[in-house]
Amino acid sequence: MHDLVRRLYPLCRSITGDGVRRTLEILAESVPLDVHEVPTGTEVLDWTVPKEWNIRDAYVKDAAGRRVIDFAESNLHVVGYSTPVSAVMSLAELRPHLHTLPDQPALTPYRTAYYAETWGFCLAADTLAALPEGDYEVRIDSTLAEGHLTYAEHVVPGRVADEVLISCHVCHPSLANDNLAGVAVAVALARRLARAEPWHTYRFLFAPGTIGAITWLARNRERVDRIRHGLVLACAGDAGPLTYKRSRRGDAAVDRAAAHVLRASGRPHTVNDFSPYGYDERQFCSPGFDLPVGSLTRTPYAGYPEYHTSADDPGLVRPEALADTLEACWEIVQVLEGDRRYLNLSPYGEPQLGRRGLYGSLGGRSDTEQAQMAMLWVLNLSDGEHGLLDVAERAGLPFPVVAEAARALQGAGLLKERAR
Ligand code: ZN
């Protein structure tokens with residue numbers, strides 16, 4: 001995953017353009033993708049697909065011809081969606097187009113101007129402070145023209161058409177945690193799911209933030225009711241603890257599954273209520289759709305000092321944090337896959353477990369007590385109304401232990417699965 005982050009990092013992505021296409025080409029080496037190109041001007045919900053932006057080079061040169069701001073050094077130096085410029089101007093004239101972070105003077109900010117035709121450069125406040133007065137050659141070799149918005153889907157087919165949506169944004173240029181880390185985790189999750197032959201169908205969406213999710217929703221309006229669960233993945237690789245943000249519904253199965261997994265694992269973590277801000281959960285959880293889609297991050301949106309700066313580089317992303325996020329996703333998926341309802345076929349008094357070998361089979365195991373409690377809880381709550389996640393929550397037991405108990409009881413003929 002960290003290799004993928006480092007490989008994607010140099011590309012100049014935006015909400016449209018060749019940076020997104022190249023990113024998707026690289027992802028397609030790992031998972032097959034359906035790439036969609038939506039023309040400029042297409043109306044999508046309340047929005048319109050914008051012109052396509054591409055950039056080849058940009059710089060500010062001093063009187064000696066030295067590049068004092070250079071796109072080739074970092075694509076963050078140009079405001080995303082900058083219109084082309086070729087001019088000589090004084091520092092005073094240039095200054096309104098320069099963006100810095102006075103509180104973090106060594107860092108370059110990330111700025112965009114998607115929906116206002118303008119241009120600008122971003123640089124360290126320290127660099128700006130060192131620039132002498134005088135004339136500068138300013139050039140941005142970009143195009144903003146009719147074209148397309150590009151997004152991609154990858155589907156892991158399941159046994160049923162009910163879908164789990166995993167979405168992440170692919171529109172940020174050289175920023176690593178936000179969101180190449182999320183992209184890398186999504187790709188790894190897709191590969192792992194493909195080997196597992198899942199129950200649900202898993203749809204992975206790699207799209208530019210906001211306008212990409214809106215475009216996808218506009219084009220899939222008739223089929224979104226297939227989405228039973230969903231997760232928006234972002235900021236998946238920093239050293240901070242995991243954060244789950246609930247869907248707008250607040251008590252969707254994915255909300256309960258994520259909270260259960262994080263609590264039962266003993267990981268330090270935070271579970272937050274929904275708010276209409278952040279990543280594309282804003283779109284999936286808009287009231288017209290109200291999809292059961294939560295968001296999993298480590299440090300949440302805008303919550304770390306490197307956020308949207310040149311310090312959000314591959315060094316901020318830890319391989320072990322990526323692995324931990326992937327593991328949490330996997331555990332959540334296992335709950336969504338395994339949460340089903342059973343009927344206790346011997347509900348009058350406790351069935352005699354010893355006679356069926358269900359005590360003996362556990363002898364000597366250090367988790368015997370937990371496994372036994374899980375059996376008693378599963379038997380007690382398997383009235384056809386409660387699912388295994390209900391059992392795990394009420395019993396305060398890890399979901400895999402409960403699921404294993406149900407398998408053993410079913411094997412002994414004491415449980416019957418209800419239709420899902
Ligand atoms: Zn961002």
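Lys61 sits over the face of Tyr59, 4.7 Å from the ring centre. That is one of two charge-over-ring contacts to look at in this predicted model. In the other, Arg340 lies over the face of Trp199, at 5.8 Å from the ring centre.

The structure holds 10 aromatic pairs. Take Tyr81 and Tyr114. Their ring centres are 5.4 Å apart and their planes stand at 90 degrees, so this pair is edge-to-face. Tyr81 belongs to the loop between strand S5 (67–70) and strand S6 (85–90). Tyr114 belongs to the loop between strand S7 (98–99) and strand S8 (121–122). The pair therefore ties together parts that are 33 residues apart in sequence. Both Tyr81 and Tyr114 are buried.

Tyr279 lies in the loop between strand S15 (269–272) and helix H8 (281–284). Tyr301 lies in the loop between strand S16 (293–297) and helix H9 (319–338). This pair therefore ties together parts that are 22 residues apart in sequence.

Return to Tyr81 and Tyr114. Both are members of one aromatic cluster, which also takes in Trp47, Trp53 and Tyr115.

Definitions and conventions:
Residues numbered from 1 in each chain as written. Predicted model: local features only at pLDDT ≥ 70, side-chain atom pairs only at ≥ 80, totals over all residues. Heavy atoms only, no water. Phe/Tyr/Trp six-rings, centres within 6.5 Å; stacked < 30°, edge-to-face > 60°. Helix = DSSP H or I, 4+ residues; strand = E, 2+ residues; numbered from the N terminus. Buried < 20%, exposed > 50% of the residue type's maximum accessible area, 1.4 Å probe, protein only. Lys NZ or Arg CZ within 6 Å of the ring centre and 35° of its normal.
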